Amino acid sequence: MSILDLFDSGFKQRNEDHFAAIVRVAMSDDVINEAEKAFLDRLARNLNISEQEYKKILKDYKSHPINPPLSYDRRLERLYDLARMVWVDHIEGKDQIKMLKKFAIGLGFKAENAKYITDKALKLVHQNVDLDTFTEEMKTMNQ
């Protein structure tokens with residue numbers, strides 16, 4: 001096995017684990033609604049999750065470890081990616097906010113702050129800011 005094969009398999013496993021964690025968050029209310037399903041479909045394509053793996057993860061998502069980012073910057077980076085995906089999928093209104101709020105909590109943000117974090121994240125994504133601006137704005141939102 002080459003170094004490239006090791007890297008590829010590790011990267012693939014992290015993508016599958018990340019996807020399974022998002023599925024777990026989506027399933028927190030025991031239902032995946034149409035908006036969440038559309039989002040998961042798009043996320044699976046973006047993470048190169050095969051149709052077979054997608055079905056396997058949906059069936060047994062709890063068998064994958066949850067590895068939320070330990071650093072605040074990495075959490076913000078994942079939130080930025082998820083907010084952009086939610087926005088690109090045109091999931092409107094309450095569903096958009098509810099879904100991103102669940103993801104924010106799943107990333108390790110406090111539940112009592114999730115509404116404010118979600119609102120700010122969506123506002124910034126709507127303004128089409130880059131990751132650096134997003135991170136700085138999120139870090140200074142209470143100042």
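Colleague: What makes Tyr 54 count as buried or exposed in this model?

Modeller: In this predicted model, Tyr 54 has 6% relative accessibility. Buried means under 20%, so Tyr 54 counts as buried.

Colleague: Which ring does Tyr 54 pair with, and why is the pair called stacked, edge-to-face or tilted?

Modeller: A search of the whole structure finds four aromatic pairs. One of them is Phe 19 with Tyr 54, at 5.4 Å centre to centre and 40° between the planes. Phe 19 is in helix 1 and Tyr 54 in helix 3, 35 residues apart. Phe 19 is buried, with a relative accessible area of 0%.

Colleague: What makes Tyr 80 and Phe 134 a tilted pair?

Modeller: Their ring centres are 5.0 Å apart and their planes stand at 55°. Tyr 80 lies in helix 4 and Phe 134 in helix 7, so the pair ties together parts 54 residues apart in sequence. Both Tyr 80 and Phe 134 are buried.

Colleague: How do you know that the buried residues of helix 2 are on the same side?

Modeller: Ala 35, Glu 36, Phe 39, Leu 40, Leu 43 and Ala 44 are buried there. They cover an arc of only 165° around the axis, which puts them on the same side of helix 2. The face turned away from that buried side carries Glu 34 and Arg 45, which are exposed.

Conventions: Residues numbered from 1 in each chain as written. Predicted model: local features only at pLDDT ≥ 70, side-chain atom pairs only at ≥ 80, totals over all residues. Heavy atoms only, no water. Phe/Tyr/Trp six-rings, centres within 6.5 Å; stacked < 30°, edge-to-face > 60°. Helix = DSSP H or I, 4+ residues; strand = E, 2+ residues; numbered from the N terminus. Buried < 20%, exposed > 50% of the residue type's maximum accessible area, 1.4 Å probe, protein only. Arc of directions from axis to C-beta.
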